[in-house]
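The following note sets out points for a colleague who is reading the model alongside its sequence.

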Amino acid sequence: MGKKVGIEVSIAAAEAVGLCDVDVVAAYPITPQTHIVEHLSELVANGRLDAEFVPVESEHSAMSVCCGSAAAGARTFTSTAAQGLALMAEIVYIAASMRLPILMLVANRALSAPLSIWNDHSDAMMVRDSGWIQIFCENGQDVYDHIFHAYRVGEDPRVSLPVMVNMDGFILTHVIEPVEFWTKEMVGSYLPRFRPLNTLHPDKVVTMGAFGMPEIYAEQKMAHDQALKNSMPVLLEGWDELAKLTGRKYEPVELYRTEGAETLLLAMGSLCETASLAVDQMREAGRKVGLVKLRLWRPFPLAEVRKALSGAKDLVVLDRSISVGAANAPVTSEISAAMYHEPQRPRIHCMIAGIGGRDVTPEDITNMVDLSLKGTEQECHIYGVRG
Amino acid sequence: MKVRYRALHPFDKEAEERHIQEDHGLHPYDEYLKPGRIPHIWCPGCGLGIVVTAFIEAMKQKNVPVAQSAVVSGIGCTGRVAGYLDMDTYHTTHGRAIPFATGLALVRQDLIVTVFSGDGDLFAIGGNHLIHAARRNVNLKVICVNNFNYGMTGGQVAPTTPIDARTSTTPFGNAEPSFNLPHLAHAAGAVYVARWTTYHARQLVHSISQAFDKKGFTFVEVVAPCPTGFGRPNKLGSGLDEMRHYREVCEVRNGADPSEVEIRLREKIIVGTFVDVERPDFMEHYQSLVVARAQAKAKSKGKGKAA
């Protein structure tokens, strides 16, 4: 077992990427992602990591470089946030459709306008349908462990897909947390060498990114959809192996004090930690409230979500993004759709909270539960909004 | 359902505005600056304040009314300029100041449209737009504050970082050659190209006011100290030290060949007005080649119908 150290989560994540012995790092600086890439450039410069560090001129180029290097069979890393992800969105879709295993660490940040450097999940929701495996992390240890997990799953020949690991900007990226490090031997036993399915190689010629005529486009999309859904057993296997190695068990949907809960909270990312404190407080006050943490966003864990939610009377979904003009925020929409055909389903309340860096405290979460239980179903609220 | 945020955090708007008004008017350029947005966020020793002052001074000298001036900027430390100037300003996304300004300058030809942005914004992520606006000779006044790194995000390597210079992503020296900005602007077709440092405040005012008079794409590079981002890893000292350095190493060479004015770390910086030529601007070409022909065609068609 490795050492447990107090370290900034961004630096820990970069150390993990270094331990994975990546070949290419291509990134463009954007707040709050910078520390990750800065530390990687340091690892490369001082000889601890034998990789190409490409300081590209924009995020669009960053993801393009990543596609090129992954297509050549190199283990590839990039990281970005908000506007950077928006700019690279074109290639984000292409990376997934071309089945190129790239790891992208997204330091979740609100999308402009108005210009905001603070945290919410609107950037991740923008590329929700891109076909990447998308994981939301709750704390620093989560982020650190998921770097290894992401490479193991993404590069697995049964999967061969890019993985997006989401960590809340500032709330996670810039805090110092206790993180238990992995040793080189642990990484060696957990993460096999990258053996790509298809590479650009003069001996075995392939064309990537070619035209998909109407006769083949739908079939290609279906194949991509199936590949993403079929990654589930590999994701679970990766988490099982990780648990054997570290003792930390991750699951697509995690439950916290849900036994006998009448009201459930559902959250993603660092909000889960805050919500667990609120649940503790409410349980102490004798209220039957539990928390469901949605870790895996894509492929969407339909069966697990249904199993976790069907027993409750009320469900309060804490959405950290807003879908302007829609009936509900993105996560609530997804959950509502998942639960619609269930014979027994909770009343679903949508609470948009913490967008654009607005703080969410455990008291806020208790308030949101109270407000939800007073209101009717299918109302979409922006919590704490003025005016 | 509303949660009374204000009840929890009372905000006295009147008192706040009174406070701003009391402070306002204390600075000679206050009429050009947005009350309530100052003090700015720039670090001690940063050169950006000098460039903004030079821009305002040039506006004053050329009697450019605030109503006739529009400033467009991108992202980064220099991008903040748009937020501080009390005139029509637009803070665009990273790299897109020039396309936005192009649209503005073509529709509102009565405006003096200034693009105020940094080296990273104009030459990295927005490099494509700069060369095409220069090629088209759009009537834009570009002021590029070059601090040799991405200051806002913590001093990472940029396409302007001199070779061998240290930044937070090149901790042991940059391996990539940098852009020579005046040469690039000239090659792309700018009609006016100048470079000054923040030490050359008077010359800078003169250059910006000359640019106001020119029709077409003008480019003024301002070499500025960034003691926090670029100065620290390269041991360039404080902002004041960098100004002293500029005084020592700068050589004024008006009319110098732009291909010979490359900047290297701790070496001589050649400043001056390098290019000042005349060339039909975008609108002139457009009027003569597209509008005039279209009108002639419409006329001849009209004639045919009448006959």
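**Notes on the predicted model**

1. A:Phe170 lies in the loop between strand 7 and strand 8 (176-180) of chain A. The model is a predicted one, and in it A:Phe170 adopts a positive phi of about 65° although it is not a glycine. With a relative accessibility of 23%, A:Phe170 counts as partly exposed.

2. A:Asp21 has a positive phi of about 55° and is found in the loop between helix 1 (9-19) and strand 2 of chain A. Its relative accessibility is 47%, so A:Asp21 is classed as partly exposed, the limits of that class being 20% and 50%.

3. One joins A:Thr31 and A:Pro32, with omega about 0°; A:Pro32 sits in the loop between strand 2 and helix 2 (34-45) of chain A. The other runs from A:Arg298 to A:Pro299, with omega near -5°, and A:Pro299 belongs to the loop between strand 12 and helix 11 (302-309) of chain A.

4. Chain A contains an open sheet of seven strands in the order 3-2-4-5-7-6-12, with mixed pairing. Its edges are strand 3 (52-55) and strand 12 (296-298), each of which pairs on one side only. From one strand to the next, the twist averages 20°. Within this sheet, strand 5 (residues 102-108) and strand 7 (residues 163-168) of chain A run parallel and are joined by six bridges; A:Ala107 stands opposite A:Met167 in strand 7.

5. Helix 3 (residues 59-71) of chain A lies across strand 2 (24-27), strand 3, strand 4 (76-80) and strand 5 of chain A, and runs at about 165° to strand 4. The axis of helix 3 of chain A also comes within 7 Å of that of helix 4 (residues 82-97) of chain A, crossing at roughly 25°. The two helices are therefore roughly parallel to each other, and the crossing is right-handed. Among the residues making the contact are A:His60, A:Met63 and A:Cys67 of helix 3 and A:Leu87, A:Met88 and A:Ile91 of helix 4 of chain A.

6. The largest nonpolar core holds 52 residues, of which A:Val22, A:Leu40, A:Phe77, A:Leu105, A:Ile133 and A:Ile147 touch the most other members. Helix 6 (residues 140-155) of chain A supplies the largest share of this core, with seven residues. A separate second core, of 47 residues, includes B:Leu33, B:Ala54, B:Phe148 and B:Leu265. Leaving aside neighbours within four places in sequence, the contacts of A:Phe77 include A:Val22, A:Leu40, A:Leu105 and A:Tyr151.

7. Chain B has 12 helices and eight strands, and its C-alpha atoms fill a box of roughly 80 × 60 × 40 Å along the principal axes. Of its 307 residues, 49% count as buried. Among contacts in chain B with a separation of 6 or more, 69% are between residues 24 or more positions apart.

8. Strand 8 (residues 269-276) of chain B is mostly covered, seven of its eight residues being buried. Strand 5 (residues 192-197) of chain B runs antiparallel to strand 8 and is joined to it by four bridges, with B:Arg195 partnering B:Gly272. Strand 7 (residues 250-252) of chain B pairs with strand 8 in the parallel sense over three bridges, and there B:Glu251 has B:Ile270 as its bridge partner.

How values were computed. Residues are numbered from 1 along each chain as its sequence is written. Chains are lettered from A and ligands numbered from 1 in the order in which they are written. This is a predicted model: local features need pLDDT of at least 70, side-chain atom pairs count only at pLDDT 80 or more; totals for chains, interfaces and linings use all residues. Side-chain values use heavy atoms; hydrogens and water are left out. A nonpolar core is a set of buried Ala, Val, Leu, Ile, Met, Phe, Trp, Tyr and Cys residues joined through side-chain atoms within 4.5 Å. Buried means under 20% relative accessible area, exposed over 50%, partly exposed in between (1.4 Å probe, protein chains only). Contact means heavy atoms within 4.5 Å. Two strands pair if DSSP finds at least two bridges between them. Axes are lines fitted to C-alpha atoms, for helices over the stretch in contact, and angles run from 0 to 180 degrees between N-to-C directions. Angles under 35 degrees count as roughly parallel, over 145 as roughly antiparallel, 65 to 115 as roughly perpendicular and the rest as oblique. A crossing is left-handed if the near helix is turned anticlockwise from the far one by less than a right angle, and right-handed if clockwise.
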